[in-house]
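User: Hi! I've got a model open and would like to walk through it with you. Could you help me make sense of it, bit by bit?

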Amino acid sequence: MHEMSLAEGIRQIVEETARHQGFGRVRTVVLEIGQLAVVEPDSLRFCFDAVMKGGPADGAVLQIDRVPGTGWCAQCAAQVEIAELYDPCPRCGGYRVQVTGGTEMRVKELEIE
Amino acid sequence: MCNVCGCGAGEARIEGLPTGQGARQGRPGDAAGEVSPRGWRVTDSHEAAHYGRGPAGAQAPGMSQARMLSIEQRILARNDALADENRRWLAGRGILALNLVSSPGAGKTTLLVRTIEALQARVPVSVVEGDQQTSFDAERIRATGAPALQINTGKGCHLDALMVGQALSRLAPPVDSVLLIENVGNLVCPAAFDLGERAKVVVLSVTEGDDKPLKYPNMFAAASLMLINKTDLLPYVDFNVDKAIDFALRVNPALVVIPVSATTGAGFDAWLDWVDVHLDEARTVVPLKADLYAGKGA
Ligand SMILES: Nc1nc2c(ncn2[C@@H]2O[C@H](COP(=O)(O)OP(=O)(O)OP(=O)(O)O)[C@@H](O)[C@H]2O)c(=O)[nH]1
Ligand SMILES: [Mg+2]
Ligand SMILES: [Zn+2]
Ligand SMILES: [Zn+2]
(Lines give C-alpha, C1' and ligand atoms only; values in the text may rest on other atoms or scores of the structure.)
(Ligands and ions follow the chains in the order given, each with its own letter.)
Protein backbone atom coordinates (compact mmCIF):
# COMPACT_ATOMS: atom_id res chain seq x y z
CA MET A 1 0.00 0.00 0.00
CA HIS A 2 1.13 3.48 -0.71
CA GLU A 3 -1.37 5.39 1.41
CA MET A 4 1.53 7.09 3.17
CA SER A 5 2.66 8.61 -0.14
CA LEU A 6 -0.90 9.66 -0.87
CA ALA A 7 -1.14 11.36 2.52
CA GLU A 8 2.14 13.15 1.76
CA GLY A 9 0.63 14.31 -1.53
CA ILE A 10 -2.42 15.64 0.29
CA ARG A 11 -0.23 17.52 2.74
CA GLN A 12 1.70 19.08 -0.15
CA ILE A 13 -1.52 20.30 -1.72
CA VAL A 14 -2.82 21.65 1.60
CA GLU A 15 0.44 23.47 2.36
CA GLU A 16 0.74 24.94 -1.11
CA THR A 17 -2.85 26.14 -1.04
CA ALA A 18 -2.38 27.59 2.45
CA ARG A 19 0.64 29.52 1.19
CA HIS A 20 -1.19 30.96 -1.79
CA GLN A 21 -4.51 31.62 -0.10
CA GLY A 22 -3.12 32.71 3.24
CA PHE A 23 -5.29 30.68 5.60
CA GLY A 24 -4.18 29.21 8.88
CA ARG A 25 -6.14 26.12 9.64
CA VAL A 26 -8.04 23.44 7.79
CA ARG A 27 -11.11 21.95 9.46
CA THR A 28 -12.05 19.38 6.85
CA VAL A 29 -10.26 17.86 3.92
CA VAL A 30 -12.66 16.49 1.32
CA LEU A 31 -11.29 13.82 -1.01
CA GLU A 32 -12.84 12.23 -4.04
CA ILE A 33 -11.70 8.62 -4.28
CA GLY A 34 -12.94 6.39 -7.06
CA GLN A 35 -14.34 2.99 -6.19
CA LEU A 36 -11.76 1.41 -8.51
CA ALA A 37 -8.72 3.39 -7.30
CA VAL A 38 -5.79 1.67 -5.59
CA VAL A 39 -6.67 3.07 -2.18
CA GLU A 40 -7.62 1.52 1.12
CA PRO A 41 -9.69 4.25 2.81
CA ASP A 42 -9.01 2.94 6.33
CA SER A 43 -5.27 2.93 5.91
CA LEU A 44 -5.44 6.33 4.20
CA ARG A 45 -7.25 7.70 7.28
CA PHE A 46 -4.60 6.26 9.52
CA CYS A 47 -1.77 7.75 7.46
CA PHE A 48 -3.63 11.06 7.09
CA ASP A 49 -3.75 11.63 10.83
CA ALA A 50 -0.04 10.87 11.18
CA VAL A 51 1.12 12.91 8.19
CA MET A 52 -0.96 16.04 8.87
CA LYS A 53 0.59 16.53 12.33
CA GLY A 54 2.26 19.91 12.72
CA GLY A 55 0.75 21.29 9.49
CA PRO A 56 -2.30 23.39 8.59
CA ALA A 57 -4.52 20.28 8.57
CA ASP A 58 -3.36 18.93 11.94
CA GLY A 59 -6.46 17.39 13.54
CA ALA A 60 -8.61 18.02 10.46
CA VAL A 61 -11.54 15.78 9.64
CA LEU A 62 -10.99 13.62 6.57
CA GLN A 63 -14.08 13.21 4.42
CA ILE A 64 -13.83 10.64 1.65
CA ASP A 65 -16.43 10.84 -1.10
CA ARG A 66 -16.55 7.67 -3.19
CA VAL A 67 -17.09 7.93 -6.93
CA PRO A 68 -18.66 4.86 -8.58
CA GLY A 69 -16.70 2.85 -11.11
CA THR A 70 -17.85 3.15 -14.70
CA GLY A 71 -16.82 1.47 -17.91
CA TRP A 72 -17.60 1.28 -21.60
CA CYS A 73 -18.93 -2.07 -22.78
CA ALA A 74 -17.84 -2.66 -26.36
CA GLN A 75 -20.54 -5.29 -26.88
CA CYS A 76 -23.43 -3.14 -25.66
CA ALA A 77 -21.86 0.09 -26.90
CA ALA A 78 -22.97 1.60 -23.61
CA GLN A 79 -21.70 3.19 -20.44
CA VAL A 80 -22.13 0.81 -17.49
CA GLU A 81 -21.46 0.85 -13.76
CA ILE A 82 -18.98 -1.64 -12.28
CA ALA A 83 -17.93 -2.23 -8.68
CA GLU A 84 -14.61 -3.96 -9.45
CA LEU A 85 -12.13 -3.80 -12.30
CA TYR A 86 -12.84 -7.43 -13.16
CA ASP A 87 -16.63 -7.18 -13.05
CA PRO A 88 -18.56 -8.22 -16.15
CA CYS A 89 -20.93 -5.86 -17.91
CA PRO A 90 -24.17 -5.81 -15.88
CA ARG A 91 -26.18 -5.82 -19.12
CA CYS A 92 -24.64 -8.55 -21.27
CA GLY A 93 -22.36 -10.36 -18.82
CA GLY A 94 -19.35 -9.87 -21.11
CA TYR A 95 -15.91 -8.84 -19.94
CA ARG A 96 -15.02 -6.42 -22.68
CA VAL A 97 -15.50 -3.46 -20.39
CA GLN A 98 -12.92 -0.65 -20.55
CA VAL A 99 -12.81 1.40 -17.38
CA THR A 100 -13.77 5.03 -17.97
CA GLY A 101 -14.22 6.38 -14.44
CA GLY A 102 -13.83 5.58 -10.79
CA THR A 103 -10.04 5.50 -10.57
CA GLU A 104 -9.63 9.15 -9.54
CA MET A 105 -7.86 10.25 -6.36
CA ARG A 106 -8.42 13.94 -5.85
CA VAL A 107 -8.48 16.61 -3.18
CA LYS A 108 -11.88 18.15 -3.87
CA GLU A 109 -12.33 20.82 -1.23
CA LEU A 110 -10.88 22.22 1.96
CA GLU A 111 -12.96 23.69 4.73
CA ILE A 112 -10.72 26.43 6.05
CA GLU A 113 -10.81 29.09 8.71
CA MET B 1 6.47 5.17 9.74
CA CYS B 2 3.05 3.95 8.73
CA ASN B 3 2.64 0.48 10.19
CA VAL B 4 -0.47 -0.18 8.12
CA CYS B 5 1.00 0.21 4.67
CA GLY B 6 4.73 0.25 5.35
CA CYS B 7 5.25 3.25 3.11
CA GLY B 8 7.75 5.88 4.14
CA ALA B 9 8.74 9.12 2.50
CA GLY B 10 12.02 10.95 2.24
CA GLU B 11 14.08 7.84 2.85
CA ALA B 12 14.91 6.88 -0.68
CA ARG B 13 18.55 6.69 -1.71
CA ILE B 14 20.10 6.46 -5.13
CA GLU B 15 23.27 4.41 -4.81
CA GLY B 16 24.09 5.68 -1.37
CA LEU B 17 22.87 9.27 -1.74
CA PRO B 18 19.61 10.51 -0.27
CA THR B 19 17.38 11.67 -3.11
CA GLY B 20 16.60 14.91 -1.36
CA GLN B 21 20.21 16.07 -1.21
CA GLY B 22 22.45 14.09 -3.46
CA ALA B 23 20.66 14.60 -6.73
CA ARG B 24 19.22 18.06 -6.54
CA GLN B 25 19.68 18.94 -10.17
CA GLY B 26 16.78 16.99 -11.62
CA ARG B 27 17.28 15.62 -15.09
CA PRO B 28 20.02 16.72 -17.46
CA GLY B 29 19.38 20.01 -19.16
CA ASP B 30 16.91 20.95 -16.47
CA ALA B 31 18.64 22.76 -13.68
CA ALA B 32 15.48 24.36 -12.37
CA GLY B 33 13.51 22.91 -9.52
CA GLU B 34 14.49 22.46 -5.95
CA VAL B 35 13.94 19.37 -3.90
CA SER B 36 12.35 19.78 -0.53
CA PRO B 37 13.61 17.92 2.54
CA ARG B 38 10.63 15.63 2.12
CA GLY B 39 12.07 14.53 -1.17
CA TRP B 40 9.53 16.30 -3.38
CA ARG B 41 10.38 18.91 -5.91
CA VAL B 42 9.19 22.35 -4.93
CA THR B 43 7.36 24.13 -7.72
CA ASP B 44 6.02 27.63 -7.91
CA SER B 45 2.43 28.52 -8.60
CA HIS B 46 2.99 28.86 -12.36
CA GLU B 47 4.22 25.33 -12.59
CA ALA B 48 1.44 24.18 -10.31
CA ALA B 49 -1.02 25.68 -12.77
CA HIS B 50 0.20 23.27 -15.42
CA TYR B 51 -1.23 20.32 -13.59
CA GLY B 52 -4.75 21.44 -13.37
CA ARG B 53 -4.91 23.70 -10.36
CA GLY B 54 -8.10 25.54 -10.96
CA PRO B 55 -8.83 29.01 -9.67
CA ALA B 56 -9.25 28.05 -6.05
CA GLY B 57 -11.17 30.41 -3.85
CA ALA B 58 -14.78 29.49 -4.28
CA GLN B 59 -16.42 30.68 -1.15
CA ALA B 60 -19.49 29.25 0.54
CA PRO B 61 -21.88 32.05 1.38
CA GLY B 62 -21.69 31.21 5.07
CA MET B 63 -21.41 33.67 7.89
CA SER B 64 -18.92 31.75 10.05
CA GLN B 65 -15.21 32.25 9.59
CA ALA B 66 -15.05 28.81 8.08
CA ARG B 67 -15.48 28.55 4.32
CA MET B 68 -15.14 25.92 1.62
CA LEU B 69 -12.32 26.18 -0.83
CA SER B 70 -12.63 24.29 -4.10
CA ILE B 71 -9.36 22.51 -4.90
CA GLU B 72 -10.05 19.82 -7.52
CA GLN B 73 -6.47 18.65 -7.67
CA ARG B 74 -5.25 15.11 -8.20
CA ILE B 75 -3.46 13.80 -5.14
CA LEU B 76 -0.65 12.52 -7.33
CA ALA B 77 -0.56 15.64 -9.53
CA ARG B 78 3.03 16.35 -8.61
CA ASN B 79 4.18 12.85 -9.43
CA ASP B 80 2.24 12.94 -12.68
CA ALA B 81 3.79 16.27 -13.68
CA LEU B 82 7.29 14.92 -13.02
CA ALA B 83 6.41 11.75 -14.93
CA ASP B 84 5.37 13.88 -17.89
CA GLU B 85 8.72 15.66 -17.72
CA ASN B 86 10.50 12.32 -17.77
CA ARG B 87 8.33 11.16 -20.66
CA ARG B 88 9.12 14.26 -22.70
CA TRP B 89 12.81 13.95 -21.96
CA LEU B 90 12.81 10.31 -23.05
CA ALA B 91 10.68 10.98 -26.13
CA GLY B 92 13.02 13.76 -27.23
CA ARG B 93 15.83 11.22 -27.29
CA GLY B 94 13.99 8.31 -28.84
CA ILE B 95 14.45 6.22 -25.71
CA LEU B 96 12.04 3.36 -25.07
CA ALA B 97 11.37 3.22 -21.31
CA LEU B 98 9.60 0.19 -19.86
CA ASN B 99 8.45 -0.12 -16.25
CA LEU B 100 8.64 -3.76 -15.10
CA VAL B 101 6.39 -4.66 -12.21
CA SER B 102 5.63 -7.93 -10.40
CA SER B 103 5.40 -9.63 -7.03
CA PRO B 104 8.77 -10.12 -5.33
CA GLY B 105 10.70 -12.90 -7.01
CA ALA B 106 8.63 -13.28 -10.20
CA GLY B 107 11.86 -13.15 -12.18
CA LYS B 108 12.24 -9.51 -13.24
CA THR B 109 16.00 -9.35 -12.83
CA THR B 110 16.59 -12.73 -14.45
CA LEU B 111 14.39 -11.62 -17.33
CA LEU B 112 16.24 -8.32 -17.66
CA VAL B 113 19.63 -10.02 -17.73
CA ARG B 114 18.56 -12.33 -20.55
CA THR B 115 16.85 -9.47 -22.40
CA ILE B 116 19.95 -7.29 -22.21
CA GLU B 117 22.12 -10.13 -23.49
CA ALA B 118 19.83 -10.47 -26.49
CA LEU B 119 19.47 -6.75 -27.20
CA GLN B 120 22.78 -5.11 -26.41
CA ALA B 121 24.56 -6.12 -29.60
CA ARG B 122 22.16 -3.94 -31.61
CA VAL B 123 20.82 -1.35 -29.18
CA PRO B 124 22.25 0.19 -25.99
CA VAL B 125 20.33 -0.82 -22.86
CA SER B 126 20.46 0.84 -19.44
CA VAL B 127 18.67 -0.15 -16.29
CA VAL B 128 17.19 1.51 -13.23
CA GLU B 129 16.81 -0.97 -10.37
CA GLY B 130 14.34 -0.33 -7.59
CA ASP B 131 14.51 -2.33 -4.36
CA GLN B 132 13.86 -1.43 -0.76
CA GLN B 133 17.40 -2.43 0.19
CA THR B 134 20.69 -3.69 -1.32
CA SER B 135 22.24 -3.18 -4.72
CA PHE B 136 22.34 -6.89 -5.55
CA ASP B 137 20.08 -6.53 -8.57
CA ALA B 138 22.06 -3.63 -10.06
CA GLU B 139 25.22 -5.72 -9.65
CA ARG B 140 23.57 -8.62 -11.50
CA ILE B 141 22.72 -6.22 -14.33
CA ARG B 142 26.20 -4.66 -14.44
CA ALA B 143 27.66 -8.14 -14.88
CA THR B 144 26.13 -8.05 -18.39
CA GLY B 145 28.10 -4.89 -19.14
CA ALA B 146 24.99 -2.69 -19.21
CA PRO B 147 24.99 0.45 -17.04
CA ALA B 148 22.65 0.15 -14.07
CA LEU B 149 21.69 2.44 -11.24
CA GLN B 150 20.21 1.14 -8.00
CA ILE B 151 17.52 3.09 -6.19
CA ASN B 152 16.80 1.95 -2.64
CA THR B 153 13.38 3.10 -1.57
CA GLY B 154 13.90 2.33 2.12
CA LYS B 155 10.46 1.77 3.56
CA GLY B 156 8.82 3.02 0.36
CA CYS B 157 7.29 0.24 -1.66
CA HIS B 158 7.36 1.75 -5.15
CA LEU B 159 9.49 3.95 -7.40
CA ASP B 160 8.16 7.43 -8.12
CA ALA B 161 8.76 9.89 -10.96
CA LEU B 162 11.13 12.07 -8.93
CA MET B 163 13.44 9.14 -8.21
CA VAL B 164 13.44 8.09 -11.85
CA GLY B 165 14.07 11.67 -13.03
CA GLN B 166 17.11 11.85 -10.78
CA ALA B 167 18.25 8.44 -11.95
CA LEU B 168 17.99 9.63 -15.58
CA SER B 169 20.33 12.52 -14.90
CA ARG B 170 22.89 10.13 -13.41
CA LEU B 171 22.54 7.37 -15.95
CA ALA B 172 22.24 9.68 -18.96
CA PRO B 173 20.96 6.91 -21.28
CA PRO B 174 22.03 7.48 -24.90
CA VAL B 175 19.78 8.52 -27.78
CA ASP B 176 17.88 5.67 -29.49
CA SER B 177 18.26 3.25 -26.63
CA VAL B 178 16.22 1.10 -24.27
CA LEU B 179 15.75 1.97 -20.61
CA LEU B 180 14.46 -0.86 -18.46
CA ILE B 181 13.11 0.13 -15.05
CA GLU B 182 12.72 -2.68 -12.55
CA ASN B 183 10.19 -1.50 -9.99
CA VAL B 184 10.08 -2.65 -6.38
CA GLY B 185 8.56 -6.15 -6.13
CA ASN B 186 4.97 -5.24 -5.26
CA LEU B 187 1.76 -5.71 -7.21
CA VAL B 188 -0.13 -2.88 -5.53
CA CYS B 189 1.56 0.51 -5.23
CA PRO B 190 3.56 0.76 -8.47
CA ALA B 191 0.23 0.68 -10.35
CA ALA B 192 -0.56 4.19 -9.12
CA PHE B 193 2.78 5.86 -9.81
CA ASP B 194 3.51 6.92 -13.36
CA LEU B 195 7.26 7.11 -13.92
CA GLY B 196 7.13 8.51 -17.45
CA GLU B 197 7.49 5.07 -19.04
CA ARG B 198 6.07 4.18 -22.42
CA ALA B 199 4.48 1.02 -21.03
CA LYS B 200 4.17 -1.04 -17.89
CA VAL B 201 5.11 -4.69 -18.27
CA VAL B 202 3.67 -6.92 -15.55
CA VAL B 203 5.50 -10.18 -14.90
CA LEU B 204 3.41 -13.01 -13.45
CA SER B 205 5.26 -16.23 -12.65
CA VAL B 206 3.52 -19.59 -12.72
CA THR B 207 4.45 -20.32 -9.11
CA GLU B 208 2.21 -17.48 -7.92
CA GLY B 209 -1.17 -18.86 -8.94
CA ASP B 210 -3.34 -18.11 -11.94
CA ASP B 211 -5.78 -15.94 -9.96
CA LYS B 212 -3.30 -13.08 -9.39
CA PRO B 213 -4.92 -10.81 -12.02
CA LEU B 214 -8.15 -10.82 -10.02
CA LYS B 215 -6.41 -10.42 -6.67
CA TYR B 216 -4.38 -7.41 -7.81
CA PRO B 217 -6.51 -6.03 -10.64
CA ASN B 218 -5.14 -2.48 -10.66
CA MET B 219 -1.69 -3.60 -11.75
CA PHE B 220 -3.03 -5.71 -14.59
CA ALA B 221 -5.31 -2.85 -15.60
CA ALA B 222 -2.35 -0.45 -15.73
CA ALA B 223 -0.08 -2.74 -17.76
CA SER B 224 0.17 -2.96 -21.55
CA LEU B 225 1.91 -6.34 -21.58
CA MET B 226 1.81 -9.36 -19.29
CA LEU B 227 4.73 -11.77 -19.38
CA ILE B 228 3.85 -15.14 -17.86
CA ASN B 229 7.27 -16.22 -16.57
CA LYS B 230 8.79 -19.49 -15.34
CA THR B 231 6.78 -21.49 -17.87
CA ASP B 232 9.53 -24.13 -17.62
CA LEU B 233 7.98 -24.97 -14.24
CA LEU B 234 4.46 -25.55 -15.61
CA PRO B 235 4.75 -29.36 -15.36
CA TYR B 236 5.33 -29.04 -11.62
CA VAL B 237 2.76 -26.48 -10.56
CA ASP B 238 -0.98 -26.15 -10.69
CA PHE B 239 -1.20 -23.10 -12.94
CA ASN B 240 -3.68 -22.84 -15.78
CA VAL B 241 -2.24 -20.47 -18.38
CA ASP B 242 -5.56 -20.04 -20.19
CA LYS B 243 -7.29 -19.18 -16.95
CA ALA B 244 -4.62 -16.62 -16.02
CA ILE B 245 -4.99 -15.00 -19.44
CA ASP B 246 -8.77 -15.03 -19.19
CA PHE B 247 -8.67 -13.37 -15.77
CA ALA B 248 -6.17 -10.76 -16.96
CA LEU B 249 -8.32 -9.91 -19.99
CA ARG B 250 -11.37 -9.47 -17.78
CA VAL B 251 -9.51 -6.72 -16.01
CA ASN B 252 -7.88 -5.31 -19.12
CA PRO B 253 -9.30 -6.37 -22.50
CA ALA B 254 -6.42 -4.63 -24.30
CA LEU B 255 -3.63 -6.49 -22.50
CA VAL B 256 -1.07 -8.34 -24.65
CA VAL B 257 0.13 -11.64 -23.16
CA ILE B 258 3.38 -13.52 -23.84
CA PRO B 259 4.39 -16.67 -21.94
CA VAL B 260 8.17 -16.88 -21.39
CA SER B 261 10.87 -18.54 -19.36
CA ALA B 262 13.70 -16.27 -18.29
CA THR B 263 15.73 -19.38 -17.46
CA THR B 264 15.39 -21.31 -20.74
CA GLY B 265 14.67 -18.40 -23.06
CA ALA B 266 11.37 -19.88 -24.25
CA GLY B 267 9.03 -17.22 -25.64
CA PHE B 268 11.82 -14.65 -25.89
CA ASP B 269 11.41 -14.24 -29.64
CA ALA B 270 7.90 -12.91 -29.14
CA TRP B 271 8.95 -10.71 -26.23
CA LEU B 272 11.90 -9.25 -28.14
CA ASP B 273 9.63 -8.62 -31.13
CA TRP B 274 7.29 -6.69 -28.84
CA VAL B 275 10.26 -4.63 -27.61
CA ASP B 276 11.37 -3.96 -31.19
CA VAL B 277 7.93 -2.73 -32.24
CA HIS B 278 7.84 -0.32 -29.32
CA LEU B 279 11.42 0.77 -29.85
CA ASP B 280 10.59 1.61 -33.47
CA GLU B 281 7.67 3.71 -32.27
CA ALA B 282 9.84 5.48 -29.72
CA ARG B 283 12.45 6.24 -32.36
CA THR B 284 10.00 7.32 -35.03
CA VAL B 285 8.64 10.19 -33.02
CA VAL B 286 12.13 11.54 -32.38
CA PRO B 287 12.41 14.03 -35.22
CA LEU B 288 9.08 15.58 -34.28
CA LYS B 289 9.80 15.74 -30.58
CA ALA B 290 13.37 16.85 -31.06
CA ASP B 291 12.08 19.82 -33.07
CA LEU B 292 9.55 20.59 -30.42
CA TYR B 293 12.04 20.66 -27.60
CA ALA B 294 15.07 21.92 -29.47
CA GLY B 295 14.38 25.40 -28.22
CA LYS B 296 14.42 24.25 -24.63
CA GLY B 297 17.85 22.68 -24.86
CA ALA B 298 16.39 19.30 -24.00
N1 LIG C 1 12.61 -21.99 -13.09
C2 LIG C 1 12.67 -20.68 -13.30
N3 LIG C 1 13.16 -19.87 -12.33
C4 LIG C 1 13.24 -18.55 -12.58
C5 LIG C 1 12.81 -17.99 -13.81
N6 LIG C 1 12.99 -16.66 -13.75
C7 LIG C 1 13.52 -16.40 -12.53
N8 LIG C 1 13.67 -17.54 -11.82
C9 LIG C 1 14.19 -17.68 -10.45
O10 LIG C 1 13.34 -16.99 -9.57
C11 LIG C 1 14.08 -16.39 -8.51
C12 LIG C 1 13.81 -14.90 -8.43
O13 LIG C 1 14.27 -14.29 -9.62
P14 LIG C 1 14.63 -12.75 -9.73
O15 LIG C 1 15.01 -12.51 -11.14
O16 LIG C 1 15.60 -12.36 -8.69
O17 LIG C 1 13.21 -12.14 -9.41
P18 LIG C 1 12.84 -10.59 -9.20
O19 LIG C 1 11.46 -10.43 -9.70
O20 LIG C 1 13.89 -9.73 -9.79
O21 LIG C 1 12.87 -10.47 -7.61
P22 LIG C 1 12.82 -9.12 -6.72
O23 LIG C 1 13.69 -8.11 -7.38
O24 LIG C 1 13.35 -9.57 -5.41
O25 LIG C 1 11.38 -8.75 -6.67
C26 LIG C 1 15.55 -16.71 -8.80
O27 LIG C 1 15.91 -17.84 -8.06
C28 LIG C 1 15.53 -17.02 -10.29
O29 LIG C 1 16.57 -17.88 -10.67
C30 LIG C 1 12.29 -18.87 -14.81
O31 LIG C 1 11.88 -18.49 -15.92
N32 LIG C 1 12.24 -20.20 -14.49
MG1 LIG D 1 14.94 -8.13 -8.93
ZN1 LIG E 1 3.25 1.55 -1.14
ZN1 LIG F 1 -22.34 -5.25 -22.15
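User: Let's start with A:C73: buried or exposed?

Analyst: A:C73 counts as buried, because its relative accessibility is 1% and the cut-off for buried is under 20%. Keep in mind that this is a predicted model.

User: And what about A:C76?

Analyst: A:C76 counts as partly exposed, with a relative accessibility of 23%.

User: Which protein atoms are the donors of the zinc ion (ligand 4)?

Analyst: The zinc ion (ligand 4) has the SG atoms of A:C73, A:C76, A:C89 and A:C92 as its protein donors, at 2.2 to 2.4 Å. Along the chain, these donors follow the spacing C-x2-C-x12-C-x2-C.

User: Nice. Why is the arrangement around that zinc ion tetrahedral?

Analyst: Because the angles subtended by the four donor atoms are 104 to 114°, and the tetrahedral label asks for all angles to lie between 85 and 135 degrees.

User: What sits in the loop between β3 and β4 of chain A?

Analyst: A:A77 lies in that loop. A:A77 has a positive phi of about 50°, although it is not a glycine. For context, most residues other than glycine have a negative phi.

User: Good to know. How are β3 and β4 of chain A joined?

Analyst: They run antiparallel, and five bridges join β3 (residues 69-73) to β4(A). One of the pairs to look at is A:G71, whose bridge partner in β4(A) is A:V80.

User: What is the strand order in the sheet with β4, β3 and β5 of chain A?

Analyst: The order is β4-β3-β5 in an open sheet of three strands, and the pairing is antiparallel. β4 (78-82) and β5 (97-101) of chain A stand at the edges with a single partner strand each, so one side of each has no neighbour in the sheet. From one strand to the next, the twist averages 40°.

User: Which strands make up the open sheet of four?

Analyst: That sheet has the order β2(A)-β1(A)-β6(A)-β5(B), with mixed pairing. At its edges are β2 (61-67) of chain A and β5 (67-74) of chain B, each pairing on one side only. Here the twist averages 20° from one strand to the next.

User: How many bridges join β6 of chain A to β5(B)?

Analyst: Six bridges join β6 (residues 105-112) of chain A to β5(B), and the two strands run antiparallel. Within β5(B), B:Q73 is the bridge partner of A:V107.

User: Switching to the magnesium ion (ligand 2): what are its protein donors?

Analyst: They are B:T109 (OG1), B:D137 (OD) and B:E182 (OE), lying 2.1 Å from the ion. Their spacing in sequence is T-x27-D-x44-E. B:D137 belongs to helix α5 (residues 136-142) of chain B and B:E182 to strand β9 (residues 178-182) of chain B, so this pair ties together parts that are 45 residues apart in sequence.

User: Are B:D137 and B:E182 buried or exposed?

Analyst: B:D137 and B:E182 are both buried.

User: Now ligand 1. How many residues surround it, and which are the closest?

Analyst: Ligand 1 is surrounded by 20 residues, the closest being B:K108, B:T109, B:T110, B:D232 and B:T263.

User: Last one: how many residues of β7 of chain B are buried?

Analyst: Seven of its seven residues are buried, so to speak a mostly covered strand, spanning residues 125-131. B:V125, B:V127, B:E129 and B:D131 point one way, while B:S126, B:V128 and B:G130 point the other way.

User: And what does β7(B) pair with?

Analyst: β7(B) pairs with β9(B) in the parallel sense over five bridges, with B:V127 opposite B:L180. β7(B) also pairs with β8 (residues 148-152) of chain B, in the parallel sense over five bridges, and there B:E129 has B:Q150 as its bridge partner.

Technical notes: Residues are numbered from 1 along each chain as its sequence is written. Chains are lettered from A and ligands numbered from 1 in the order in which they are written. This is a predicted model: local features need pLDDT of at least 70, side-chain atom pairs count only at pLDDT 80 or more; totals for chains, interfaces and linings use all residues. Side-chain values use heavy atoms; hydrogens and water are left out. Donors are N, O and S atoms within 2.8 Å of the metal (3.2 Å for Na, K and Ca); water is not among the atoms, so sites may look incomplete. Four donors count as tetrahedral if all angles lie between 85 and 135 degrees; four count as square planar and six as octahedral if opposite donors are over 155 degrees apart and all others between 65 and 115; anything else is irregular. Buried means under 20% relative accessible area, exposed over 50%, partly exposed in between (1.4 Å probe, protein chains only). Two strands pair if DSSP finds at least two bridges between them. Axes are lines fitted to C-alpha atoms, for helices over the stretch in contact, and angles run from 0 to 180 degrees between N-to-C directions. A residue is near a molecule or strand if one of its heavy atoms lies within 4 Å of it.
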